[in-house]
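Please keep the sequence and the structure in view while reading.

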Amino acid sequence: MKLQNMAVIFAIIVIPITLILSAYIGIQIDTANLVKQYDTKLLDATHDAVVAFQLNSIQNNYSTNADSLRRDIKASINAFFTSLATNLRVPGENAGYIAQYIPAIVVTLYDGYYIYSPIETEYKDVDATIKTRYEHALKPYIHYSLRYKTGNCDIVVNYSLDNYITVYGYMNGEYISRSGYLIAGEVLDDGTKYRGVTITDNTAIEYYKEAKEFTSWIKNNSFSGTKIVDIVVPKNALDENGNSYPQFINDNTKILNASIQNDPEDKESNFTAHKREIMKQSIQRNLNNAIWTYSNHTTLNTDFKMPILTQEDWDKILSNVNIISFMQGLPAGIKEYNNYAIVTSTQNKQYVDTDLLYYIHDGYYHKLECPLLQEASGEIMGYRSIDYNKQRRQGETEEDIIYYYKHNELACYRCIVNPSKLEKKKIEEYNYSIKQAYYNVLARERWNLIKLNVTF
Amino acid sequence: MGDTLITVVAIFLAAILMFVFPLMSISERNDDISQLAVYTATVEFVDNIRSTGKITLDNYDKYIQTLSATGNSYDVEMSVKVLDENPGKKGAEASQTKIGENIYWTTYTSQIEEELGVGQANPKSTIKLLKEGDIISVDVKNTNTTIAQMLKNFFYSIVGNDTYSIEASHSGFVMTNGK
């Protein structure tokens, strides 16, 4: 065979292989690029939802009211869909197309969470017959709660992101229902001294007085010989079907026995560990149900499944108000997209985050651990981070918008504007003035949080 | 004489078809794959910073290692635009009907690397915290000449011998305060 013929045969074999291989790699690359772009778009849309929630709830004085809160959350979910649809280039009427790929959105709040997912709804067809279909809706609020039952005692404890709890149910036939803050450490009965520090703020005094009384009621009040603290142990916990939790079966820890060793405000305490476990399980179970239900009723060929969240994700979710969005089944090249995004809210009226309390010193506001604040002495004032933000109100006419600040101090350049990693100490290790400011601010801001009436 | 010339030309064409064309094609795909790896790593690195509010030495090292694993050398340019609302606040004090103007100042790669303690024996800190509203931007380009670039330059490129072929950039607002 001539050399030219061999070359032609070689070319006939090699060129198609090379071309097909190139095209295949090209498609794989496009797919991977598209997946990454979707990741960013999902994250951005979730962030837009958080910002919308913050804007609406901070400016809304009734945002802690249940109906008003639902409205704010629905508005933030709308912002999510609008943002996502615009980013994915399907705006306008077609935006609903995106919704079918969103099996669930979770909005975690102070003492529970909302799930926005498709549920069965009834509608009237053109021939006036009632039919059912699955469409997205905001489901009822779910509390972070757990039932404890032993003997004649059957109570439910609702937990929150901090040390606020609600206890209700029957203690030896007697119905109880009460909410309050569980605190550890020495408090004077009139609330004017906490852990050796004089409390000066009147609201804070109310907080400590009430918290001490509530903690004492949990620990010492006897209901026909039984105390609440003895009932709330993990081994007595029951799930919604009335079965014990296998992982708690040998756990006799008295969760509500607040003490220096089991400080409800300490992130390492038994109380916090148990509470986080309950929150995690509750979200996992209900979210799994929501996604699974949708998977069984969707017209898409996608098998919707709840992804496994990492420990870092859970730390985020259980630390403040969050929005978690899931997107699955969206065609992405030769694959189906499947991922989630979590964005934490830093500015909301739902929860007092100790890291977001800023203290005033020398014309600037600082974080607790800022070296410049350590020089302060005397009485230091502190407020929540949102109180330093710009506020707006309407003037005499509709067009007349007035911007103002509640506090005119500027942000510290060392710890807030350009923060550097500062050593965090336990609150007991700070000087007296800072400790006093911290206990006053934290108590005042917590007391001022309006909580929903959660007992039945 | 005529046959010999045709044979030489045929051998030359055959060599190009048999070796150079597949080599170019495969090396270009190799660059595409490197491009994908670099783009993916950059988006992950930046989005992680945006959602956690911090740059850690650990994550930065992992990012640089992922880039190196593609077999090329890269020039990584980072910038953080730090939001300063204080001037706006001062401005707003003068007039209640004005929102006031915020400013950004920028820190660049060498400053960020210094804060992260890159190349330092006992760094003071290995974390750079950011806050909500800051802007992080990362831009990466290859600095070596890849095989695909060499072949391209040899055969049909006249200008731009020193241009990069692998490039990725990603940026965005930081979504939360770093802790």
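Predicted model: local features only at pLDDT ≥ 70, side-chain atom pairs only at ≥ 80, totals over all residues.

The structure as a whole holds three cavities of 30 Å³ or more.

## The interface between the chains

The size of an interface is often given as the accessible area lost when the parts come together. For chain B and chain A the buried area is about 4,200 Å², with 61% of it on carbon and sulfur atoms. On the side of chain B, the residues that lose the most area to chain A are B:Lys89, B:Met175 and B:Lys179, which together account for 16% of what that side buries. Counted by residues, 46 of chain B are in contact with 51 of chain A.

Polar interactions also cross this interface: 12 residue pairs are in polar contact, both residues being at pLDDT 80 or more, and the count of salt bridges between the two chains is four. A salt bridge joins the side chains of A:Lys36 and B:Glu44, with a distance of 3.0 Å from N to O.

The elements of chain B that give two or more residues to the side touching chain A are helix 1 (2-52), strand 2 (74-84), helix 3 (86-94) and strand 4 (127-129), and helix 1 of chain B gives the most, with 21 residues. By class, the residues of this side divide into 21 nonpolar, 11 polar and 14 charged.

## A pocket lined by both chains

About 720 Å³ of space lies in the second largest pocket. Of the 25 residues that line this pocket, those closest to its centre are A:Lys36, B:Glu44, B:Asp47, B:Asn48 and B:Ser51; A:Lys36 and B:Glu44 are also the partners in the salt bridge described above.

Two or more residues of the pocket lining come from each of helix 1 (3-59), helix 7 (311-317) and strand 14 (335-344) of chain A, together with helix 1 and helix 2 (57-68) of chain B. Helix 1 of chain B supplies the largest share of the lining, eight residues, and this helix also gives the most to the side of chain B that touches chain A.

Conventions: Residues numbered from 1 in each chain as written. Chains lettered and ligands numbered in written order. Heavy atoms only, no water. Contact = heavy atoms within 4.5 Å. Buried area = accessible area lost by both parts, 1.4 Å probe. Polar contact = N/O pair within 3.5 Å; in protein donor to acceptor, adjacent residues only side chain to side chain. Helix = DSSP H or I, 4+ residues; strand = E, 2+ residues; numbered from the N terminus. Nonpolar A, V, L, I, M, F, W, Y, C, P; charged D, E, K, R; others polar. 1 Å grid on protein atoms, 1.4 Å probe; cavity = no way out; pocket = protein on both sides within 12 Å on 5 of 7 lines; lining within 4 Å. Points joined across faces, edges and corners; volume = space filled by probe spheres on them.
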